[in-house]
Amino acid sequence: MADTVAAFDLGTGGVKTAIFRPDGTCIAEEVVSYKTFYPSSSHHEQRPEDWWDAICASLKTLLGNPAVDAGSIRAIAISGHSLGCIPLDENGALLQEFVPLWSDGRAVVEAEDFFTRVDPDAWYRKTGNGFPAPLYTVFKAIWLRRNAPDIFARTRTIIGTKDYINLLLTGRIATDPSYASGTGVYDLKAQGYSPELIEAAGLSPDLFPATVASTDILGEVLPDVAKQLGLPPGVKVVAGGVDNSCMALGGRTFLEGDAYASMGSSSWITISSSEPLLDDRVRPFVFAHVVPGMFISATSIFSSGTSVNWVTDTLLPDVKQAAKATGLDVHDELFRLAGEAPAGARGLIFVPTLGGGTSFEGGPAVRGGFVGLDLQHGRADIMRAALEGVALGLRVALDELRRMTAIGSEMIIVGGGARSAFWRQVFSDVFDCTIVKTKIDQQAAALGAAALAFVGMGLWTDFLPIRALHVAEGRSEPAAETRAVYEAALVAYRQAAEQQQALSGALAALREVAS
């Protein structure tokens with residue numbers, strides 16, 4: 001049997017493990033979930049032991065698949081969720097059972113104190129860290145020092161998610177530039193940690209692991225671990241990368257001007273370029289790419305799929321119930337309902353920031369809603385407006401990226417929203433570009449990790465084979481008949497979103513006294 005690699009996509013909700021052949025074919029995959037814990041407000045935690053257990057369980061299942069030959073696996077590579085803060089002692093042992101997840105926002109005071117010494121705009125321009133500052137590793141580390149001094153006193157290294165799994169596999173502590181660029185102290189253009197930022201944080205440079213290329217081989221799976229996993233001796237472990245960058249690579253976004261859109265609970269548009277796209281107002285979040293010499297820059301809306309789910313669960317529950325009762329696909333029925341309304345939903349606009357927004361959208365306090373409700377509006381209009389609202393919100397973000405760099409005329413779309421031909425057409429019409437759905441969809445991050453292994457092992461000379469793997473399953477071209485409608489809708493959406501931002505303070509005060 002031909003050589004294969006095992007790719008692990010270590011995500012927020014679970015791990016997706018996939019076995020790939022060098023021709024890019026995924027011969028088997030398995031998903032194992034794990035829990036997120038919310039012990040108090042803004043505290044989002046997971047257990048690293050759960051990550052390892054999920055990896056072991058998923059790989060064990062795959063090795064029991066007749067299509068998978070354990071003896072053919074030559075390498076492992078991991079895509080890991082970002083902004084991790086996992087403290088290790090001098091022996092590399094885990095110091096906390098529960099560690100903060102990327103979305104953990106507890107370090108507000110620590111970030112505020114840091115920015116009394118460091119200009120926040122200068123920090124952003126150096127690091128590209130456009131998420132809310134408390135999410136970044138450096139501030140989580142400062143929080144640990146202030147709130148768990150006994151643990152911090154024993155901490156010698158702080159590493160990220162996929163790097164912890166790599167440590168268990170190989171016994172080696174290291175990271176790669178894509179993951180290091182989410183620490184809050186990584187200088188994107190200098191391609192290394194910033195001594196000035198580390199000093200301003202009052203931390204030791206030794207806390208941050210050395211970086212190697214994403215395709216570098218860290219070592220072989222330790223003999224005892226290989227036996228535990230059911231792997232043959234000599235399986236290599238490649239450094240891997242942060243999930244954002246691995247997904248971009250697997251999503252055919254690694255050459256100048258490549259772009260992809262990911263549609264899920266949150267949604268974002270990502271651009272690949274040889275220079276980071278930095279803007280003090282919009283604050284795209286930027287990571288070093290797993291592809292040397294490249295960067296990925298993205299803007300997002302935090303509450304896209306979650307807002308649409310709220311609309312369907314709260315306003316249209318009977319549609320979902322009826323679909324389930326008759327054995328129909330729930331999403332197909334919801335999209336069918338939306339298709340009964342005309343483009344523009346008869347003048348109804350939906351701002352999908354029901355769970356708060358990015359700094360560009362107005363920050364955590366902003367909220368969304370329907371604007372322009374009329375007695376003529378029915379359920380189909382409500383559903384269509386919800387879907388169009390997500391597309392319009394992303395179009396605003398896309399226009400800002402277009403202002404900063406040239407973007408190709410077509411865009412790959414991945415994620416749950418990519419499954420619907422109806423929604424893909426809405427995105428094409430609103431974005432005014434070609435939307436391409438390929439067979440590489442939910443596997444994008446795993447494919448990106450596998451590609452790192454292929455290149456690291458010399459099975460590929462570069463990443464270009466990925467482009468051939470993206471065989472189009474559907475292409476949506478902008479419809480001329482809807483252009484005027486969506487141009488007017490975009491103007492209305494921008495004003496509605498600005499109105500929501502202006503109301504955010506008053507509404508926050510209302511929520512506080514009304515709760």
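## Cysteines

Cysteine 433 has a relative accessible area of 5% and is therefore buried, a value that, like the others in this report, comes from a predicted model. Cysteine 246 likewise counts as buried, because its relative accessibility is 0%.

The structure holds zero disulfides. Cysteine 246 accordingly takes part in none, and the nearest cysteine sulfur to it, belonging to cysteine 26, lies 15 Å away.

## Packing of helix 10 against helix 16

Helix 10, which spans residues 243-250, packs with helix 16, which spans residues 444-456, at an angle of about 90 degrees, and the two axes are 6 Å apart. Because angles from 65 to 115 degrees count as roughly perpendicular, helix 10 is placed in that class relative to helix 16.

On the side of helix 10, the contact is made by Cys246, Met247, Leu249 and Gly250, while helix 16 contributes Ala444, Ala445, Leu447, Gly448, Ala449, Ala451 and Leu452.

## Surroundings of serine 178

Serine 178 lies in helix 7, which covers residues 177-180, and with a relative accessible area of 0% serine 178 is buried. Its side chain is joined to that of aspartate 176 by a polar contact of 2.5 Å.

When residues up to four places away in sequence are left out of the count, serine 178 touches Ser214, Gly241, Val242, Ser245, Phe287, Ala288, His289 and Val290.

Notes: Residues are numbered from 1 along each chain as its sequence is written. This is a predicted model: local features need pLDDT of at least 70, side-chain atom pairs count only at pLDDT 80 or more; totals for chains, interfaces and linings use all residues. Side-chain values use heavy atoms; hydrogens and water are left out. Axes are lines fitted to C-alpha atoms, for helices over the stretch in contact, and angles run from 0 to 180 degrees between N-to-C directions. Helices (H or I, at least four residues) and strands (E, at least two) are DSSP runs, numbered from the N terminus. Angles under 35 degrees count as roughly parallel, over 145 as roughly antiparallel, 65 to 115 as roughly perpendicular and the rest as oblique. Contact means heavy atoms within 4.5 Å. A disulfide is a pair of cysteine sulfur atoms within 2.5 Å. Buried means under 20% relative accessible area, exposed over 50%, partly exposed in between (1.4 Å probe, protein chains only). A polar contact is a pair of N or O atoms within 3.5 Å; within protein, one must be able to donate a hydrogen and the other to accept it, and residues adjacent in sequence count only if both atoms are side-chain atoms.
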